[in-house]
Amino acid sequence: MVSTLLNFSWGFSMITWITHPEYDIPLPPGHRFTSTKFSDLFELLKKSEYMESATVLVPEKANAEQVGIAHCSEYVEKIANGSLDEKEQRRLGLRWSPVLAKRSFIAVNGSLLAARSALQYGVSCHLAGGTHHSHFDFGSGFCVFNDLAFTALTLTKTKEVKNILIFDCDVHQGDGTARILENNDRTFTCSIHSSKNFPYRKANSDLDIGLEDNMSWFGYKRHLLEGLNKCIERFSPDLVLYVAGVDIHANDRLGRLSIDDEGLFEREMIVLNFFKKRDIPIATVMGGGYSDDKYELAYRHSTVVKAAHQIWA
């Protein structure tokens with residue numbers, strides 16, 4: 001078992017939200033990462049009309065052996081016991097703490113739970129996840145463990161699914177995911193990202209679509225549709241893990257694109273509808289988003305959840 005039922009209510013269709021009360025990260029004032037973004041999102045959604053048709057599940061903590069399916073044992077042990085050196089912590093972008101370690105072992109199971117829920121109900125939304133800069137043997141870009149690689153490797157190993165597509169629309173390339181899953185014929189990684197943004201040394205996804213700075217929604221939409229169609233032409237997924245990063249937004253602190261709220265919502269509707277029409281289950285994860293206004297950030301991150309309810313419920 002990897003879940004605990006927190007709340008249950010029926011809508012026209014079951015939409016599961018995956019979250020945990022210990023997802024928030026202790027960070028110093030002024031840090032670029034919003035430490036409360038996970039609880040902020042859940043609190044906003046609880047007050048929305050969508051709560052009535054949501055089932056909320058809480059994941060259990062994964063153990064070191066389980067996380068080892070995607071990461072080397074030495075790195076997993078460093079996270080567990082707090083032995084990262086200063087250089088490793090700078091690369092990660094986060095100071096180690098027992099809270100950070102614990103939530104990292106929980107969050108990977110959150111995405112796995114979302115994937116399993118999507119296989120059962122068609123869609124599921126993890127109110128965290130998308131830590132695609134985490135590599136096999138080191139963390140980077142605020143990403144400790146790679147929940148996408150962990151989920152894909154676990155589900156294909158257990159033969160719960162044969163093929164998994166990771167469709168990554170974070171503004172930053174999913175370099176860690178691409179490298180961990182390189183040459184894995186059971187997965188297909190697609191990253192649609194800003195060409196000149198972090199990481200500056202790009203990996204090779206199965207499909208990379210680089211975007212120019214300040215791109216508006218109309219240009220972005222063309223590349224989005226291109227990516228969706230190419231993925232289906234080249235690969236036949238049984239499940240999609242969708243990284244719904246909101247750092248494509250024009251007001252994002254670390255993004256370099258010019259997408260507004262309307263464009264962000266339309267993106268989610270296009271992606272979710274694309275796979276629903278093909279009867280391919282999809283699990284969404286948060287991905288990146290950066291703002292000085294935590295309420296504005298929570299609102300952006302809620303977009304994919306709202307789109308899921310509009311399409312499925």
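What percentage of the 313 residues of the protein count as buried? The share is 61%, where buried means under 20% relative accessible area, exposed means over 50%, and partly exposed lies in between (1.4 Å probe, protein chains only).

Before you dig in: this is a predicted model, where local features need pLDDT of at least 70 and side-chain atom pairs count only at pLDDT 80 or more, while totals for chains, interfaces and linings use all residues. Residues are numbered from 1 along each chain as its sequence is written, and side-chain values use heavy atoms, with hydrogens and water left out.

**Exercise 1. The overall fold**

Work out how the radius of gyration of the protein agrees with that of a compact globule.

*Step 1.* Start with the parts: the protein has eleven helices and nine strands. Helices (H or I, at least four residues) and strands (E, at least two) are DSSP runs, numbered from the N terminus.

*Step 2.* Apply the globule rule, which is 2.2 Å times the number of residues to the power 0.38, with the radius taken over C-alpha atoms. For 313 residues a compact globule would come out near 20 Å, and the protein has 18 Å, so the two agree.

*Step 3.* Look at the C-alpha trace along its principal axes: it spans about 45 × 45 × 40 Å.

*Step 4.* Now check the contacts, meaning heavy atoms within 4.5 Å. Among those between residues at least 6 apart in sequence, 76% join residues at least 24 apart.

**Exercise 2. Around histidine 172**

Find where histidine 172 sits and what its side chain makes a polar contact with.

*Step 1.* Histidine 172 is in the loop between strand S5 (164-168) and helix H7 (175-180).

*Step 2.* Its relative accessibility is 4%, so histidine 172 counts as buried.

*Step 3.* The polar partner is the side chain of aspartate 247, at 3.2 Å from the side chain of histidine 172. A polar contact is a pair of N or O atoms within 3.5 Å; within protein, one must be able to donate a hydrogen and the other to accept it, and residues adjacent in sequence count only if both atoms are side-chain atoms.

*Step 4.* Skipping residues up to four places away in sequence, histidine 172 touches several others, among them His132, His133, His193, Phe198, Pro199 and Tyr290.

**Exercise 3. Sequence distance against spatial distance**

How far apart are phenylalanine 136 and histidine 71, and glutamate 233 and serine 302, in sequence and in space?

*Step 1.* Phenylalanine 136 and histidine 71 are 65 residues apart in sequence, yet 4.4 Å apart C-alpha to C-alpha. Phenylalanine 136 is in the loop between strand S4 (123-126) and helix H6 (147-157) and is partly exposed, at 45%.

*Step 2.* Glutamate 233 and serine 302 are 69 residues apart in sequence, but 30 Å apart C-alpha to C-alpha. Glutamate 233 is in helix H8 (residues 217-234) and counts as exposed at 65% relative accessibility.

**Exercise 4. Covered spots**

Is serine 111 buried or exposed, and how many residues of helix H11 are buried?

*Step 1.* Serine 111 lies in helix H5 (residues 98-121) and is buried, at 4% relative accessibility.

*Step 2.* Leaving aside neighbours within four places in sequence, serine 111 is in contact with His126, Gly129, Asp147, Thr151 and Val285.

*Step 3.* Helix H11 (residues 303-312) is mostly covered, with nine of its ten residues buried. The buried ones include Lys306, His309 and Trp312.
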